[in-house]
Amino acid sequence: MEKFKPEQLQFSDKAISHFSSMLEKEITKNSIRIGVKKAGCSGYEYFFGYEECQNDDDTVIKQDDCTFLVDSKSFEFLKGSMVDYTDDGFNKGIQFHNPNATALCGCGESFTIDSSETDLIKRSEVKKKIKILPHEELCPEGVIIDALDGESILEACLRNKIRIEHACEMSCACTTCHIIVKEGFANLEDASDDEEDLLDKAWGLEARSRLGCQVYPEDELTVIKIPKYTINQVSEDH
Ligand code: FES
């Protein structure tokens, strides 16, 4: 049985033979890139494909005649994983056995990671801070959280366990992620027409209202207030 190596990404013999045969068919590409990207209904999903070029931040893993490239951010998610290949009828394909994944979605293709466990949040990635004013249910004391590069305000809140409603899974089709930007509003990107239309339906609309899933913090510190009710709560109560 393969020994668990917490700091490494390992491949089973079956996975290696599968990737070897893939590479044999590909004349121009000599490596396989493996990584993790934001997507899916649980937050992240795996990807892999042929690669020609190695980047500076890549971890290079050579096993038998295969070379794998993993970018530094993905490697934090994948450390300690075993990549396997199964060929038993319905379940044919690459499988990741990832000890960092805390939950798999129903479709099995995406997963969630508890960032405090994986040390994903590196200082260099933390660019902005978001102060959330006290909200009776979601954060009674108020809190200041870090926002990673490329994270929307809603994504940063959810990662920090501030569970703002997001009924449409961030596709700009509900208004449940309505927030009011108390500081840092002026430098935000303008709202799209779709966002403006949805905001018109929001409970407690103010001049500085935005949808948390559509807006990315620009200032070093953005201060937000989460309205007391969402549109769903209001319609349930009345
Ligand atoms: S989560 Fe639905 S609009 Fe933001």
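## A hairpin to start with

Strand β4 (residues 59-63) and strand β5 (residues 66-70) run antiparallel and are joined by 5 bridges. Strands here are DSSP runs of E with at least two residues, helices are runs of H or I with at least four residues, and both are numbered from the N terminus. Two strands pair if DSSP finds at least two bridges between them. Within this pair, Q63 stands opposite C66 in β5. The hairpin of β4 and β5 has 2 residues between the strands, and D64 takes a positive phi near 50° there.

## The whole chain

This is a predicted model, in which local features need pLDDT of at least 70 and side-chain atom pairs count only at pLDDT 80 or more, while totals for chains, interfaces and linings use all residues. Residues are numbered from 1 along each chain as its sequence is written.

The protein chain has 6 helices and 14 strands. Of its 238 residues, 26% are buried. A residue is called buried if 20 or more other C-beta atoms lie within 10 Å of its own, exposed if 12 or fewer do, and partly exposed in between, with C-beta atoms placed from the backbone. Two residues are in contact if their C-beta atoms, placed from the backbone, lie within 7 Å. Among contacts with a separation of 6 or more, 60% are between residues 24 or more positions apart.

## A sheet with a helix on it

Now look for an open sheet of 3 strands, with the order β1-β6-β7 and mixed pairing. Its edge strands, β1 (10-11) and β7 (93-97), each pair on one side only. β6 and β7 pair in the antiparallel sense over 5 bridges, and M82 stands opposite H97 in β7. Helix α1 (residues 13-25) packs on the sheet and touches β1, β6 and β7. The direction of α1 makes about 70° with that of β6; axes are lines fitted to C-alpha atoms, for helices over the stretch in contact, and angles run from 0 to 180 degrees between N-to-C directions.

T86 lies in strand β6 (residues 82-86). T86 counts as partly exposed because it has 15 C-beta neighbours inside 10 Å. T86 and K14 are 72 residues apart in sequence, yet 7.6 Å apart in space, C-alpha to C-alpha.

## Two sides of α1

The buried residues of α1 are A15, H18 and F19. They cover an arc of only 90° around the axis, so they sit on the same side of α1; the arc is that of the directions from the helix axis to the C-beta atoms. Turned away from that buried side is a face with the exposed residues D13, S21 and E24.

## Nonpolar cores

A nonpolar core is a set of buried Ala, Val, Leu, Ile, Met, Phe, Trp, Tyr and Cys residues joined through C-beta atoms within 7 Å. In soluble globular proteins, nonpolar side chains tend to be buried together. The largest nonpolar core has 18 residues, of which I153, C157 and I224 touch the most other members. β10 (126-132), α4 (153-159) and β12 (178-183) each supply at least two residues of this core, and α4 gives the most, with 4 residues.

Leaving aside neighbours within four places in sequence, I153 is in contact with I130, I179, G212, V215, P217, T222 and I224. Apart from this core lies another, of 15 residues, among them F19, Y46, F68 and V83.
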